[in-house]
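Reader: I have a structure open and would like to go through it piece by piece. Could you help me with the strands and then with a helix?

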Amino acid sequence: MSRRDEQELTRQVHAISQPEFALFDEFREEASSLLEVQAKMQEIAYGTAGAAWSIVDGFVMHRGRIFVPSSSALWPQLLAAAHGAGYEGTQKTLHRLHASFYSPHVPKLVRDHVRGCAVC
């Protein structure tokens, strides 16, 4: 692998682990209507969510990663960006997503996305 290829791969990985601000704004807007996010915010406020959960800059966080429930309409965008950064299969796609996002159902979402990938 050339140095230029390594730099491009590094840029792509950082792009998925540091999503665009537009995506943040979209999710912030969507999160106000997602029952899972609202319920978790209440648990955090009441102190019943556990130490892994917090609210940072209006986002519900799980161990420093943004909680995006599987019902979010943004998953297709997130999956396409994470998988499209290299088309390297399920594990690499999971790794890219786990850097910034949390959902207990993310492994299934990634497996389904990779299985349906026309490029792969």
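Reader: Which residue in β2 does Ser54 stand opposite?
Author: This is a predicted model, and in it Ser54 stands opposite Met61 of β2. The strands concerned, β1 (residues 53-56) and β2, pair in the antiparallel sense over 4 bridges.

Reader: And what does Met61 stand opposite in β3?
Author: In β3 the residue opposite Met61 is Ile66, and β2 and β3, which run antiparallel, are joined by 2 bridges.

Reader: Which residues have a positive phi in the hairpins?
Author: In the hairpin of β1 and β2, with 2 residues between the strands, Asp57 has a positive phi near 55 degrees, while in the turn of the hairpin of β2 and β3 Arg63 has a positive phi of about 50 degrees.

Reader: Are the residues of β2 buried or exposed?
Author: Both faces of β2 (residues 59-62) are covered, with Phe59 and Met61 buried on one side and Val60 and His62 buried on the other.

Reader: Changing topic, which residues are buried in α6?
Author: In α6 (residues 106-115), Val106, Val110 and Val114 are buried. Seen down the axis of α6, the buried residues fall within an arc of 65 degrees, so they line one face of the helix. An α-helix has 3.6 residues a turn, so residues three or four places apart point the same way.

Reader: What do the buried residues of α6 pack against?
Author: They pack against α4 (75-84) and α5 (90-98). In the loop between α4 and α5 lies Gly89, which is buried with a relative accessible area of 19%, and Gly89 touches His83 and Val114, not counting residues up to four places away in sequence.

Technical notes:
Residues numbered from 1 in each chain as written. Predicted model: local features only at pLDDT ≥ 70, side-chain atom pairs only at ≥ 80, totals over all residues. Heavy atoms only, no water. Buried < 20%, exposed > 50% of the residue type's maximum accessible area, 1.4 Å probe, protein only. Arc of directions from axis to C-beta. Contact = heavy atoms within 4.5 Å. Pairing = 2+ DSSP bridges.
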